Amino acid sequence: MLLLHVLKYRTRGVHMRCCRLISIVGCMATLLFSAAESRTQQAPQLPEGTPAPQEGDFVIHDFHFRSGETLPELRMHYMTLGKPAKDANGRTTNAVMILHGTGGSGQTFLQPIFAGVLFGPGQLLDANRYFIIIPDNLGHGKSSKPSDGMRAHFPNYEYADMIAAQHDLLEKGLGVNHLRLILGTSMGCMHSWMWGETYSDFMDALMPLACQPVPIAGRNRIWRKMVIDGIRQDPDWKNGDYTTEPRAGLQITADFLLIAGSVPLQMQKDLGTRDAADEFLENSISRTTARLDANDMLYAVNSSRNYDPSPHLEDIKVPVMFVNSADDFINPPELGIAEREIKRVKKGRFVLIPASLQTHGHGTHTWAAVWQDYLKELLDSSKN
């Protein structure tokens, strides 16, 4: 449900690309819910001729959370590429919103494995034609989050709060009253289902990548709860009022993120000896823990607690292209959930991408070359 980071790693002269959790708790930092968005750490590099990203902040005043808590000012950071277009009736016609995974941020989608495949001239989401909107979601990136200062006194947000903030950003902040497409990865995948039910007329199409349209339960809930408990039970967490990151809590988080975002075939191929695997683990954990904040991760992983779009899947009106990969630890295909639930979506299609050396575990959702043909099919079938 994770934020995936893809790191470049060398061992014994062999250059490897390995999935890293950015979203995990993306489900963890995305991992859980973006579930763990693994991706190769690369400097943002857009195709030649692509409009430069524009960054901004929209402040929502007196934001009310489902928990009953309020925040006087909720900051939603975002990036946009391209310009909006409206028809004669003032309806936005070319806006695309892309939603990241747990523990991630909008920067995920400026990597060559995503932006380099989709945003350039002539590509499927050509930013010269589309108005691309990439928020940093509540609790993540440069948007309001516990580590800004409130720590564990930050409101206990959940997914319903996150999509409400996204909706305010679109309508009140950017003047966008309709979306051509919502594409979401991991946690963003789950948000996509909620958008289809909560704002059923707001978009033309949905593309959820790497999640399930049912509550977080079974192994998926267990490993998330292990992460939550690992942070809370670390004496150095100090009920969230730590001044130094709680080492044991972050270690447990990083360990689970690594497993949840793992890529079995590639890791067996590239880490074929005990020493190579041990060295990779040491480097991975140190890099992961260096960029995590315990409270941010705790809140992000816990925000999925009330997620459950399953009662209202029949309410989704628009075409849905639902894609998972067979080597996804967080969404194992043997459960058969996706195949069962997609039958309840009037215009839904489910695709399971077979595991191969071209897939990247849970992080396959960020490698656009693997699934762009399905995006094209969705765009073609949902044209007005």
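Predicted model: local features only at pLDDT ≥ 70, side-chain atom pairs only at ≥ 80, totals over all residues.
Take helix H7 and look at its buried residues: Ala276, Phe280, Ser284, Ile285 and Thr288. Buried here means under 20% relative accessible area, while exposed means over 50% and partly exposed is anything in between (1.4 Å probe, protein chains only). These five cover an arc of only 150° around the axis, so they sit on the same side of H7; the arc is that of the directions from the helix axis to the C-beta atoms.

Residues are numbered from 1 along each chain as its sequence is written, and side-chain values use heavy atoms, with hydrogens and water left out.

H7 itself runs over residues 274-290, which makes 17 residues. From its first C-alpha to its last it reaches 24 Å, close to the 24 Å expected at 1.5 Å a residue. That expected span is 1.5 Å times one less than the number of residues. Helices (H or I, at least four residues) are DSSP runs, numbered from the N terminus.

On to the charged side chains. A salt bridge is a side-chain nitrogen of Lys or Arg within 4 Å of a carboxyl oxygen of Asp or Glu, and a search of the whole structure turns up 15 of them. One joins Lys225 to Asp229, at 2.8 Å from N to O. Both partners belong to helix H4 (residues 218-232), four residues apart, or about one turn of the helix. An α-helix has 3.6 residues a turn, so residues three or four places apart point the same way. Lys225 counts as partly exposed because its relative accessibility is 32%, and Asp229 does too, at 21%.

Asp380 is partly exposed at 38% relative accessibility, and Lys376 is partly exposed at 42%. Asp380 also forms a salt bridge with Lys383, with 3.9 Å between the closest N and O atoms. Lys383 counts as exposed, at 60% relative accessibility. Elsewhere, salt bridges that share partners link Glu314, Arg340, Glu341 and Arg344 into one network.

Notes: Helix = DSSP H or I, 4+ residues; strand = E, 2+ residues; numbered from the N terminus.
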